[in-house]
Amino acid sequence: EVCDLAQNHLVEEFTWQFTTRADADVNAPVVFGIAPENAATDVPVTTRVVIEFSEIVDLTTIDRTSVALTDRIAGPVACTYTSHGRQVTVTPTQPLQHDSYHTVSVGSTIEDLAGNRLSHPVVSTFTTESVPDSSPPTVVGVVPAEDATDVARVAKLRVLFDEILDYTTIHDASIQLVPSAPGTVECTGK
């Protein structure tokens, strides 16, 4: 039974009547949106493209010629196509290339269930994410130089790395200054 949030039941059955027109569907489908959005950057290489239409489209009119995903350098991307309601999902069969410019082309050969063709083609682009950094940072230099002598007791010490570090990982336990003779070392850092 129909209830409100307090579990009060509908008092009596409610009915109404109406008549539908016999008009045929003459409205062409329209692309409402594409994800990733146009000009998106840093898109994951495992992304799927989702196209939302104004109405349900005939999946038999969706293929690599009517909905194309293209890598600017590698060319056409092999994909599978599925639909759910007004959405069509384009799934690449392999991860996309890193740092690559992609074009999604939605052609006017797509039809709705009544046979009306897409009103106009749509093109959208996106760029995939960069190759993940998998190399650890490396020390490429120190000041003062290795085995330097006569270094002032108040000298600024510097360690140079080959890449930018995550500053939240730099603390007393991660970088240590150890004296070669017994004594106390005081340091401050920036």
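Of the 190 residues of the protein chain, 24% count as buried, meaning under 20% relative accessible area, while exposed is over 50% and partly exposed is in between (1.4 Å probe, protein chains only). The model is predicted: local features need pLDDT of at least 70, side-chain atom pairs count only at pLDDT 80 or more, and totals for chains, interfaces and linings use all residues. Residues are numbered from 1 along each chain as its sequence is written, and side-chain values use heavy atoms, with hydrogens and water left out.

**Overall shape**

- The radius of gyration of the protein chain is 31 Å, whereas a compact globule of 190 residues would have one near 16 Å.
- This radius is taken over C-alpha atoms, and the globule rule is 2.2 Å times the number of residues to the power 0.38.
- Along the principal axes, the C-alpha atoms fill a box of roughly 100 × 55 × 20 Å.

**Secondary structure**

- The protein chain has 0 helices and 11 strands.
- Both are DSSP runs numbered from the N terminus: helices are H or I with at least four residues, strands are E with at least two.

**An open sheet**

- Strands of a sheet pair through backbone hydrogen bonds, either parallel or antiparallel.
- Here, 4 strands form an open sheet in the order β1-β3-β7-β6, with antiparallel pairing.
- β1 and β6 (79-84) stand at the edges with a single partner strand each, so one side of each has no neighbour in the sheet.
- From one strand to the next, the twist averages 15°.
- Axes for such angles are lines fitted to C-alpha atoms, for helices over the stretch in contact, and angles run from 0 to 180 degrees between N-to-C directions.
- Two strands pair if DSSP finds at least two bridges between them.

**Strand β3 and its partners**

- β3 (residues 49-53) is joined to β7 (residues 87-92) by 4 bridges.
- Val50 stands opposite Thr89 in β7.
- Another 4 bridges join β1 to β3, and Ile34 has Ile51 in β3 as its bridge partner.

**A nonpolar surface patch**

- Val2, Leu10, Phe14 and Trp16 form a nonpolar patch on the surface, together with about 520 Å² of accessible area.
- Patch residues have over 30% relative accessible area and no salt bridge; like charges are joined within 9 Å, nonpolar side chains (Val, Leu, Ile, Met, Phe, Trp, Tyr) within 5 Å.
- A salt bridge is a side-chain nitrogen of Lys or Arg within 4 Å of a carboxyl oxygen of Asp or Glu.
- Accessible areas come from the Shrake-Rupley method with a 1.4 Å probe; for residues, only the protein chains shown count as cover.
- Leu10 lies in the segment before β1 (31-35).
- Leu10 is partly exposed, at a relative accessible area of 48%.
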